[in-house]
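Dear colleague,

I am passing on the structure below, together with some notes on what turned up when I went through it. Please read them alongside the coordinates.

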Amino acid sequence: MERSRIAVAGASGLIGGALVRSLASDGHEVVRLVRREPRGADEVRWDPEGGRVDEAGLAGCDAVVNLAGAGIGDRRWTDAYKQRIRDSRVNGTAALARAVASLDDADRPRVFVNGSAIGYYGETGDRAVDESAPAGSGFLPEVCVEWEGAAAPAQEAGVRTAFTRTGLVVSREGGAWGRLFPLFRAGLGGRMGDGRQYWSFVALHDEVAAIRHILDTDGLSGPFNLTAPNPLTNSEITEAMGRVLRRPTVFAVPAPVLRSVLGEMAGDVLGSARVVPARLLESGFRFAFPDIEGAIRAAL
């Protein structure tokens with residue numbers, strides 16, 4: 001992509017922050033969406049849960065990337081927090097899509113990349129699924145379906161729209177792996193439940209590179225699984241963490257304990273999602289860290 005003006009929602013998050021740094025380092029002008037009063041021309045005010053955005057601030061942007069949403073694993077899933085998880089994604093996406101659609105043709109972004117998650121597929125067991133698979137059942141699949149559906153105004157306005165169904169991001173800086181690294185470094189890591197559930201992971205470097213690939217490649221629209229090509233079981237990932245960090249992995253967390261501590265969210269940890277990035281590979285994208293040990297070392 002030539003030097004562009006790109007609006008990013010969720011710029012303070014793990015993926016958003018890494019994306020902003022990558023874009024800025026290549027000379028792109030980044031506009032951050034913020035919830036407070038803007039402090040300069042590089043910020044735009046918005047309220048994702050309230051579904052409001054200063055649409056004039058998006059005028060002239062070449063692209064809009066929406067990675068905003070309340071953290072899935074930040075706290076126990078009470079009814080109130082589940083509503084926040086949904087509203088922060090669905091209402092925010094709808095507001096941005098409406099804002100993009102309302103702009104004149106000359107001011108309208110040419111591409112809208114909206115976050116999503118492999119939670120779309122729900123429980124897949126040991127069955128590998130790609131983007132052609134239907135949505136699963138349960139809370140997270142329902143949220144993902146609504147989340148992606150909320151982008152309809154941008155699509156209807158003719159804006160190229162893509163959805164990044166992201167897996168478990170391997171990074172020390174946050175997300176699930178941000179919690180795992182300290183435990184494994186301390187020798188307290190181990191499999192979760194029976195360890196047979198598939199975890200579809202992606203290195204943070206590849207996550208950002210894939211988003212930029214979608215931004216840069218004309219014609220790419222619809223859903224893309226942002227996961228490494230070969231998902232592994234929790235047991236296999238546990239063993240890899242032990243090898244790379246040179247720590248024992250003898251501690252196992254039984255499923256009943258996880259359910260007691262995490263509540264409904266334990267289903268996301270114990271569930272199996274064997275997701276493959278078929279459309280991303282078909283589009284010509286190449287992973288820098290396709291295997292788990294490479295992804296772990298990249299994070300370190």
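Arg 89 lies over the face of Trp 147, 5.0 Å from the ring centre, where a charge is taken to sit over a ring if NZ of Lys or CZ of Arg is within 6 Å of the ring centre and within 35 degrees of the ring normal. Lys 82 is placed over the face of Phe 139, again with 5.0 Å to the ring centre. Please bear in mind that this is a predicted model, in which local features need pLDDT of at least 70 and side-chain atom pairs count only at pLDDT 80 or more, while totals for chains, interfaces and linings use all residues. Residues are numbered from 1 along each chain as its sequence is written, and side-chain values use heavy atoms, with hydrogens and water left out.

There are four aromatic pairs in the structure; rings of Phe, Tyr and Trp (its six-membered ring) pair if their centres lie within 6.5 Å, and planes under 30 degrees apart count as stacked, over 60 as edge-to-face and the rest as tilted. One of them joins Tyr 120 to Tyr 121 edge-to-face, with 5.2 Å from centre to centre and 75 degrees between the planes. Tyr 120 counts as buried at 13% relative accessibility, and Tyr 121 is buried with a relative accessible area of 3%, buried meaning under 20% relative accessible area, exposed over 50% and partly exposed in between (1.4 Å probe, protein chains only).

Trp 177 and Trp 199 also form an edge-to-face pair, at 6.0 Å centre to centre and 75 degrees between the planes. Because Trp 177 lies in helix 5 (residues 175-185) and Trp 199 in strand 9 (residues 198-199), this pair ties together parts that are 22 residues apart in sequence; helices (H or I, at least four residues) and strands (E, at least two) are DSSP runs, numbered from the N terminus. Both Trp 177 and Trp 199 are buried.

Ala 273 is found in the loop between helix 9 (266-270) and helix 10 (278-282), and is buried, with a relative accessible area of 13%.

Finally, in helix 1 (residues 14-25), the buried residues include Ile 15, Ala 18 and Leu 19, and the buried residues of this helix pack against several elements, among them strand 1 (5-9), strand 7 (160-166) and helix 6 (204-216). Just after helix 1, Gly 27 takes a positive phi of about 90 degrees.

Methods: Contact = heavy atoms within 4.5 Å.
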